[in-house]
Amino acid sequence: LSRVFFRSCSNHSCKSSLRLLVSLPMVGPPATPTTTSAAGEPQDNGNGSSSNSSAVAPSAALAPASAVQVGTEHPSQDASSQANLSRRKASDEDDEEDLAGEVTPLVPGKEGKVEQVFNRLGVATGVQVLSQQFGYKLLVILFCGQHLLKGFCDQFLDPCTQYLYASYKVDASQMQIFSGVTRLPWCMKPIIGLVSDVIPIFGYNKFPYMLAATVAGIGASAVIGVVPQSNESVICVVICLFTIQMMFSVNDLLMEAKYAEKIRDKPAYGPALMSYVWFGLQFGALVATLLVGPVLTKGGAKLPFVLATVPMSFIIVPLLRNYLEETPRTAEDIAAARQKCVDYPETSFLCIFMFLGTLVLTVL
């Protein structure tokens, strides 16, 4: 308890004063003054009491109790006193060491809560540990496909579409129809996933679809940004916007499937990986929101589509280098995947039904 009390004192002088106070010896009660007769017999001191202890000199009365009781203490008391003195010396040494930073734990061998919090917020959930657990290739392709494509490019181009339609003098109702059509790829994600599972290209389920959608999306964005408005109809713009959204949708779906497989293998690091994905998404969207206004003001509605082709193309290199770490599927694997669709036809029916329902609602 004395050690905890000393820790609460941040002033060194306060500690010194308290140590001095504790080190003071215990003083007995003052002696009652008495007078003695010439024969040496004690006389009454005025209150009707007399004591032989009055013969003790005042200096002896002020002596420490330990000095007065020498020879009367039990040996166990001597051992206890020595142990207390040793603990006090050790506590004083620890306090002297803690003057610089208070680093000695109250419970030896146990890490404090502050250190645990910093360890959890530091390297334990950082990019370095994610790279060790999942591999740097996954982090790179998530950066290109999620942070840049879905986070930055989608948010960078979305506000430009309304100004692009306005330049063609499209009315509000027709603009809503065009916007619904261009967003259809997000409703086609169940069908896209089903097709990629049962119809692999060269044995790959993800890489060819992502590469084809990315190349088509970059070309569509370049067409909108480069081709003059006089040579480009509004229907051509809608088709190009549909292709760009298809690029975002395909990459988002197949990449989600990839890191879902990784999380299933190592679920303990799943929250850290999801934090990496969604932090990058939100940060990319924030940067795009800050930049799109000045770009639209200075360059018009077509300039953002030209600039967006640069971050769109970053994912091509990781795809060509197989950063998805995808292995070609054998004929037996493909046959097993197709057999599952036959065994569970309701899954295919629901995918088709959702797409047709969304299409009807968009047209109506």
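Phe-279 lies in helix α14, which spans residues 270-299. The structure described here is a predicted model. Its protein chain contains 18 helices and 0 strands.

**The chain as a whole**

- Of the 364 residues in the protein chain, 32% are buried.
- The protein chain exposes about 22,100 Å², and 65% of this area is supplied by carbon and sulfur atoms.
- Among contacts in the protein chain with a separation of 6 or more, 81% are accounted for by residues 24 or more positions apart.

**The nonpolar surface patch**

- Phe-279, Phe-283, Leu-286, Leu-290 and Leu-291 make a nonpolar surface patch of about 550 Å².
- Phe-279 counts as exposed because its relative accessibility is 60%, and the cut-off for this class is over 50%.

**The largest nonpolar core**

- The largest nonpolar core has 60 residues, of which Ile-244, Leu-273 and Met-312 touch the most other members.
- At least two residues of this core come from each of α7 (127-134), α8 (136-167), α9 (172-182), α12 (207-226), α13 (234-265), α14 and α15 (303-312).
- The helix that gives the most to this core is α13, with 15 residues.
- When residues up to four places away in sequence are not counted, Ile-244 touches Leu-157, Gly-217, Ala-220, Ser-221, Ile-224, Phe-305 and Met-312.

Notes. Residues numbered from 1 in each chain as written. Predicted model: local features only at pLDDT ≥ 70, side-chain atom pairs only at ≥ 80, totals over all residues. Heavy atoms only, no water. Patch = residues over 30% accessible without salt bridge, like charges linked within 9 Å, V, L, I, M, F, W, Y side chains within 5 Å. Areas by Shrake-Rupley, 256 points an atom, 1.4 Å probe, with all protein chains shown as cover. Salt bridge = Lys/Arg side-chain N within 4 Å of Asp/Glu carboxyl O. Helix = DSSP H or I, 4+ residues; strand = E, 2+ residues; numbered from the N terminus. Buried < 20%, exposed > 50% of the residue type's maximum accessible area, 1.4 Å probe, protein only. Core = buried A, V, L, I, M, F, W, Y, C linked by side-chain atoms within 4.5 Å. Contact = heavy atoms within 4.5 Å.
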